[in-house]
Amino acid sequence: MATIKDIAAKAGVSPATVSRVLNYDPELSVGQDTKQRIFEVAEALNYTKHKKKQKVENQVFRLIQWYDSEEELADLYYLAIRLGIEQKAEELNVRLLKENLEELSDEQADGIIALGKFDAQQVKSLQKMNEPLLLVDFDGMPYGQDSLVVDFRQAVDLVLDHFVKTGHEKIGLLSGIEFTKGNRNQIEDPRKAFFQQRLQQLRLFDPRLMVAGAFTVNGGYQAMKTFLAEAEELPTALFASSDALGVGALRAIQEARLRVPEDISVIGFNDVSVAKYVSPPLATVHVPTEWMGELALATMADIAREKAPVPRKITIGTQLILRASTR
């Protein structure tokens with residue numbers, strides 16, 4: 001694992017600054033560019049792979065993101081996927097046109113990688129461009145589009161299996177709240193439905209232990225702070241739908257003078273780089289985000305070369321990473 005000193009040296013800042021940025025210190029005053037540099041270095045140093053020489057492709061793909069740079073830093077999930085896309089594009093000699101949906105260029109491209117959540121109207125706009133389209137982290141099957149998604153059901157099962165195995169019966173969920181950019185339609189957190197279904201099967205579901213907040217560190221902190229102040233019943237184990245939510249929850253739990261994991265075990269989701277550096281280190285579901293980005297680029301290259309008779313949906317598995325935030 002890369003150390004804080006490693007990150008500091010490569011980012012050109014002090015170890016103290018790196019530590020405070022990675023822990024989302026709300027009192028730290030650091031420029032947006034510095035934060036982005038630190039987070040990107042942390043992600044890059046914690047993801048290593050053996051690069052092979054690849055055939056020259058000379059293709060051009062649009063990369064359309066729904067997160068801007070500030071939103072990327074609030075939850076590093078999409079930043080990590082983007083870095084993987086960019087790394088694979090460099091390997092394959094693919095040129096990326098980084099654009100947003102409202103300002104698309106007239107330049108001809110060999111395909112479109114749309115990263116994030118999109119509403120029906122936005123998908124139709126992308127389809128009208130008549131370029132091969134791959135939706136990443138969004139199920140394209142209802143629209144007849146190729147897509148690359150995470151296996152959320154498997155991920156939730158991993159977390160709940162661990163909690164039940166370690167003796168927990170009061171299990172809570174801190175789910176995420178997010179909206180599409182176009183029509184501001186709320187997007188249902190898929191982990192929430194699978195969580196409820198599984199706990200109902202186990203006869204352990206308690207709706208009083210369900211919390212929700214925006215997919216940011218502050219969103220997790222505020223939601224958990226309010227919940228801890230008002231709850232009739234507290235969970236002994238908490239699953240957060242993202243590491244950003246989990247980091248915020250840790251802060252709120254510790255401020256309430258509760259111990260992690262002795263009073264409440266916490267497991268996050270994504271395994272972004274900051275999960276290793278918070279205190280205590282955050283247990284999490286590992287999503288191979290950078291590799292997912294690489295796979296998206298490689299899949300787009302395949303789609304651009306040869307049109308398939310039916311749309312494909314590639315599902316990415318996950319792995320539970322146990323750290324000190326859970327017993």
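Colleague: Where does Arg 184 lie?
Modeller: A quick note before that: this is a predicted model, in which local features need pLDDT of at least 70, side-chain atom pairs count only at pLDDT 80 or more, and totals for chains, interfaces and linings use all residues. Residues are numbered from 1 along each chain as its sequence is written, and side-chain values use heavy atoms, with hydrogens and water left out. Helices (H or I, at least four residues) and strands (E, at least two) are DSSP runs, numbered from the N terminus. With those names, Arg 184 sits in the loop between strand 6 (171–179) and strand 7 (186–187).

Colleague: Is Arg 184 buried or exposed?
Modeller: Buried means under 20% relative accessible area, exposed over 50%, and partly exposed in between (1.4 Å probe, protein chains only). Arg 184 has 52% relative accessibility, so it counts as exposed.

Colleague: How many Å apart in space are Arg 184 and Asp 119?
Modeller: Along the sequence, Arg 184 and Asp 119 are 65 residues apart. In space, going C-alpha to C-alpha, the value is 8.6 Å.

Colleague: What about Arg 203: what is its phi, and is it buried or exposed?
Modeller: Most residues other than glycine have a negative phi. Arg 203, in the loop between helix 8 (190–201) and strand 8 (210–214), has a positive one, near 60 degrees. Its relative accessibility is 80%, so Arg 203 counts as exposed.

Colleague: And Asn 270, buried or exposed?
Modeller: Asn 270 is in strand 10, and its phi is positive too, about 120 degrees, although it is not a glycine. Relative accessibility is 3% for Asn 270, so this residue counts as buried.

Colleague: Which peptide bond into Pro 261 do we have, cis or trans?
Modeller: Most peptide bonds are trans. Pro 261 lies in the loop between helix 10 and strand 10 (265–270). Omega from Val 260 to Pro 261 is near 10 degrees, and that bond is cis.

Colleague: Which residue is joined to Pro 280 by a cis peptide bond?
Modeller: Look in the loop between strand 10 and strand 11 (283–286), where Pro 280 has its place. The cis bond there has an omega of about -5 degrees, and the partner of Pro 280 is Ser 279.

Colleague: What angle do helix 2 and helix 3 cross at?
Modeller: Axes are lines fitted to C-alpha atoms, for helices over the stretch in contact, and angles run from 0 to 180 degrees between N-to-C directions. The axes of helix 2 (residues 15–22) and helix 3 (residues 32–45) come within 10 Å. Angles under 35 degrees count as roughly parallel, over 145 as roughly antiparallel, 65 to 115 as roughly perpendicular and the rest as oblique. Helix 2 is thus roughly perpendicular to helix 3, with a crossing of roughly 85 degrees.

Colleague: Helix 9 and helix 10: what word describes how they lie to each other?
Modeller: The axes of helix 9 (residues 217–230) and helix 10 (residues 243–255) come within 7 Å and cross at roughly 40 degrees. The two helices are therefore oblique.
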